[in-house]
Amino acid sequence: MAKLASIGSILTISCLLLFTQDVYARKQVPVAEKENLFLRDIFLGKEKIVKIHLYVQDLRVGHPNATVFEVATSSITNTSPYSFGSIHVLDDLITEEPDINSRPLGRVQGLTTNADLSTFGIHLNLNFYFTVGKLAGSTLSILGRNQILDDQREFPVVGGSGIFRFTRGYAIQTSYPMDPAVANYGVLEYTIYATYDSKLGESDVVEIAQM
Ligand SMILES: *[C@@H]1O[C@H](CO)[C@@H](O)[C@H](O)[C@H]1NC(C)=O
């Protein structure tokens, strides 16, 4: 009997030790390990696609509330018909509707460079910084060539942060028709398709309004 009792207590102690180790292990999961689980989701094809439809309020130099400013020019900017070498920095408001007073979604910040000698071809380098819903705090980075005389312009989504880690996708930009009497003010319409962490939604395409 004594022998059985001691085997029993050894088993109990072993179980306690195992249990303790398990709790310890769970508490000590390093950050890199958590990242691996996230990456596993991505590479198992559990990504979803979000459709983000938004408007950018482009208040250019000369507008009383301007958010776009020229910061550099080249030696030929003034004589180039396409303002070659002109660089602008912008911090434009993003809204849900074309109206500047509609729901604000965040800001788009970055640089545009007139980088084509023979037409209006603008090099874009933009970060979309979102401030609403499940997108709050996440960014999407867009890079590309903006041939502004085209009806539609397409840019690659090259990366992101927050729910957009490892994202890929594309953005379509069009110019929203404006009253020509209003100077130095344009509204750009964007439709962006981008992959994101699957844990945020069930359907294959989630619209920003559902977030
Ligand atoms: C500039 O911003 C102010 C404050 O939001 C606003 O009242 C005013 O109408 C704006 N001006 C123009 C020309 O849009």
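Author: The model is a predicted one. The protein has 2 helices and 10 strands, and from the N terminus on its elements run α-α-β-β-β-β-β-β-β-β-β-β.

Reader: How many residues does the protein have, and what percentage of them is buried?

Author: The protein has 211 residues, and buried residues make up 36% of them. Its accessible surface comes to about 12,500 Å², of which 59% belongs to carbon and sulfur atoms. Among contacts with a separation of 6 or more, 52% are between residues 24 or more positions apart.

Reader: Why is the pair of Tyr82 and Phe120 called edge-to-face?

Author: A search of the whole structure finds 5 aromatic pairs. In the one formed by Tyr82 and Phe120, the distance is 5.3 Å centre to centre, with 90° between the planes.

Reader: What does the pair of Tyr82 and Phe120 tie together?

Author: Tyr82 lies in the loop between strand E2 (68-72) and strand E3 (87-95), while Phe120 lies in the loop between strand E4 (104-114) and strand E5 (121-130); the pair therefore ties together parts that are 38 residues apart in sequence.

Reader: Why do Tyr82 and Phe120 count as partly exposed?

Author: Tyr82 has 24% relative accessibility and Phe120 has 25%. Buried means under 20% and exposed over 50%, with partly exposed in between. Therefore Tyr82 counts as partly exposed, and so does Phe120.

Reader: Why is the pair of Tyr170 and Tyr193 called tilted?

Author: The ring centres of Tyr170 and Tyr193 are 5.6 Å apart and the planes are at 35°. Stacked planes are under 30 degrees apart and edge-to-face planes over 60, so the pair of Tyr170 and Tyr193 is tilted. Tyr170 lies in strand E8 (residues 169-176) and Tyr193 in strand E9 (residues 185-196), so this pair ties together parts that are 23 residues apart in sequence. Tyr170, at 35% relative accessibility, counts as partly exposed, and Tyr193 is partly exposed with a relative accessible area of 26%.

Reader: What makes Asn114 a buried residue, and which residues does Asn114 touch?

Author: Asn114, in strand E4, has a relative accessible area of 9%. Buried means under 20%, so Asn114 is buried. Not counting residues up to four places away in sequence, Asn114 touches Tyr82, Ser83, Phe84, Gly85, Ser86, Phe120, Gly121 and Ile122. A polar atom of the Asn114 side chain lies 2.9 Å from the backbone oxygen of Tyr82.

Reader: How do you know that Ser138 is buried?

Author: The relative accessibility of Ser138 is 3%, and buried means under 20%; Ser138 therefore counts as buried. Ser138 is in the loop between E5 and strand E6 (139-147). Leaving aside residues up to four places away in sequence, Ser138 touches Phe128, Tyr129, Phe130, Ser161, Gly162, Ile163 and Phe164. Ser138 and Ile163 are 25 residues apart in sequence and 6.1 Å apart in space, C-alpha to C-alpha.

Reader: What makes E5 and E6 a strand pair, and how many bridges join E6 to strand E7?

Author: Two strands pair if there are at least two bridges between them. E5 and E6 have 9 bridges and pair in the antiparallel sense; Ile122 stands opposite Asn146 in E6. E6 is joined to strand E7 (residues 153-161) by 4 bridges, and these strands also run antiparallel. Leu140 has Gly160 in E7 as its bridge partner. E6 and E7 form a hairpin with 5 residues between them.

Reader: Why is Thr195 called buried, and where does its side chain make a polar contact?

Author: Thr195, in strand E9, has a relative accessible area of 10%. Buried means under 20%, so Thr195 is buried. A polar atom of its side chain lies 3.0 Å from the backbone nitrogen of Arg168, and a polar contact is a pair of N or O atoms within 3.5 Å. Beyond its neighbours within four places in sequence, Thr195 is in contact with residues including Glu47, Ile49, Phe164 and Arg168.

Reader: Which residues are around the ligand?

Author: The residues around the ligand are His63, Pro64 and Asn65. A polar side-chain atom of Asn65 lies 2.3 Å from an oxygen atom of the ligand. Taken alone the ligand exposes 360 Å², and the protein buries 25% of that.

Methods. Residues are numbered from 1 along each chain as its sequence is written. This is a predicted model: local features need pLDDT of at least 70, side-chain atom pairs count only at pLDDT 80 or more; totals for chains, interfaces and linings use all residues. Side-chain values use heavy atoms; hydrogens and water are left out. Rings of Phe, Tyr and Trp (its six-membered ring) pair if their centres lie within 6.5 Å; planes under 30 degrees apart count as stacked, over 60 as edge-to-face and the rest as tilted. Buried means under 20% relative accessible area, exposed over 50%, partly exposed in between (1.4 Å probe, protein chains only). Contact means heavy atoms within 4.5 Å. A residue is near a molecule or strand if one of its heavy atoms lies within 4 Å of it. A polar contact is a pair of N or O atoms within 3.5 Å; within protein, one must be able to donate a hydrogen and the other to accept it, and residues adjacent in sequence count only if both atoms are side-chain atoms. Accessible areas come from the Shrake-Rupley method with a 1.4 Å probe; for residues, only the protein chains shown count as cover.
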